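Visitor: Please show me the model, and then let us talk through some of its details.

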Amino acid sequence: MKRLLALVLLFACSSRRPDWAVTVAQGHSEADHLLDSGNRAGARAVLEAIVAGAPDTGGETRRVLLQDTLFRLARLALDEHDAAAAARHADAGLALGGEDDLFVANLLVVRGAAHEARGESALALDVYQRALRINEALLQKTVSPP
Amino acid sequence: MKDEEPTPEELREAEALARALDGAPSEAAPPPEALETAALLRHGGGELDPARAQALAAKLRAEVRPRPRRRWWPVLVPLALGVAVMVILPSALLLRSRQLPPSIVSSAGLPAPTAALLTAQAEAARGRERALGALDAQMRSYRRALFARLQERGR
């Protein structure tokens with residue numbers, strides 16, 4: 001617990017520092033360890049601290065790292081059967097915009113799952129289809145790169 | 001290489017020599033060797049063969065002709081530019097790299113997702129709940145590659 005508190009404090013102090021990406025990397029690694037040890041709440045706290053410490057600007061990397069972190073938060077919420085929180089995290093990530101890439105597709109997947117968990121089948125299907133279109137384009141690039 | 005104009009000092013020396021040849025006083029002193037030759041020509045000119053005297057006079061003029069000054073800029077300017085490029089350019093690049101936040105990375109520079117990751121994502125997008133766990137596992141691997149890439153770019 002002390003380790004977790006120290007990490008959260010580090011995130012709080014490191015907001016708007018230029019090496020935020022490094023801080024995010026450490027946070028995700030810590031979140032992995034916490035999840036592996038069954039500490040879901042600890043992992044959530046670390047991931048939330050990453051989001052809270054995000055700089056105001058940072059271009060594509062900021063978007064990508066935030067979207068990935070929000071995807072993880074949405075996943076945690078789904079595991080805890082909190083569809084509303086999952087939807088909220090996914091929407092926050094999607095609001096950051098970006099290209100039709102891996103991170104946007106991941107957010108669409110968890111957004112669809114949140115719809116599904118709330119019985120919103122039509123909405124879930126629509127969002128899943130968007131995710132699949134991006135996924136297919138990415139797979140095409142992976143199989144036959146330019 | 002083109003000769004430059006003689007300096008005022010050289011002009012004064014040439015004038016003094018001309019005066020010495022004529023036997024007139026001068027403020028500027030020509031070179032001692034030139035004075036000796038001039039005196040020889042002036043005082044012993046009548047005893048010399050005219051052709052010999054003319055040759056000596058030509059030699060004298062050649063000796064006192066202002067020497068072209070060496071031009072330094074064709075050598076030093078490229079050298080200075082080279083040094084400037086070698087010193088300033090790495091410094092500027094270093095400064096620029098320090099100013100670049102690690103955030104300036106286009107998505108095109110991110111690692112490509114693996115087929116296994118995309119397969120897990122497609123399964124999850126078909127609403128298969130179990131596939132979400134596989135997607136999580138694949139994303140852990142991808143994340144490691146992503147952070148390694150960002151670290152490389154941040155250096």
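This is a predicted model: local features need pLDDT of at least 70, side-chain atom pairs count only at pLDDT 80 or more; totals for chains, interfaces and linings use all residues.

Guide: Residues are numbered from 1 along each chain as its sequence is written, chains are lettered from A in the order in which they are written, and side-chain values use heavy atoms, without hydrogens and water.

Visitor: Which residue of chain B forms a salt bridge with A:Asp36?

Guide: The contact, meaning heavy atoms within 4.5 Å, takes 36 residues from chain A and 29 from chain B. Across this interface there are 4 salt bridges, each a side-chain nitrogen of Lys or Arg within 4 Å of a carboxyl oxygen of Asp or Glu. With the closest N and O atoms 3.0 Å apart, the partner of A:Asp36 is B:Arg140.

Visitor: How many residues in the lining of the second largest pocket are charged?

Guide: A pocket is an open set of 1 Å grid points over the protein atoms alone, where a 1.4 Å probe fits, with protein on both sides within 12 Å along at least five of seven lines, and lining residues have an atom within 4 Å of a point. Here 15 residues form the lining, with A:Leu78 and B:Glu129 among those nearest the centre. Beside 7 nonpolar and 2 polar residues, the number that are charged (Asp, Glu, Lys and Arg) is 6.

Visitor: Is A:His81 buried or exposed?

Guide: Phi of A:His81 is near 60 degrees, a positive value, whereas most residues other than glycine have a negative phi. Buried means under 20% relative accessible area and exposed over 50%, with partly exposed in between (1.4 Å probe, protein chains only). Because its relative accessibility is 72%, A:His81 counts as exposed.
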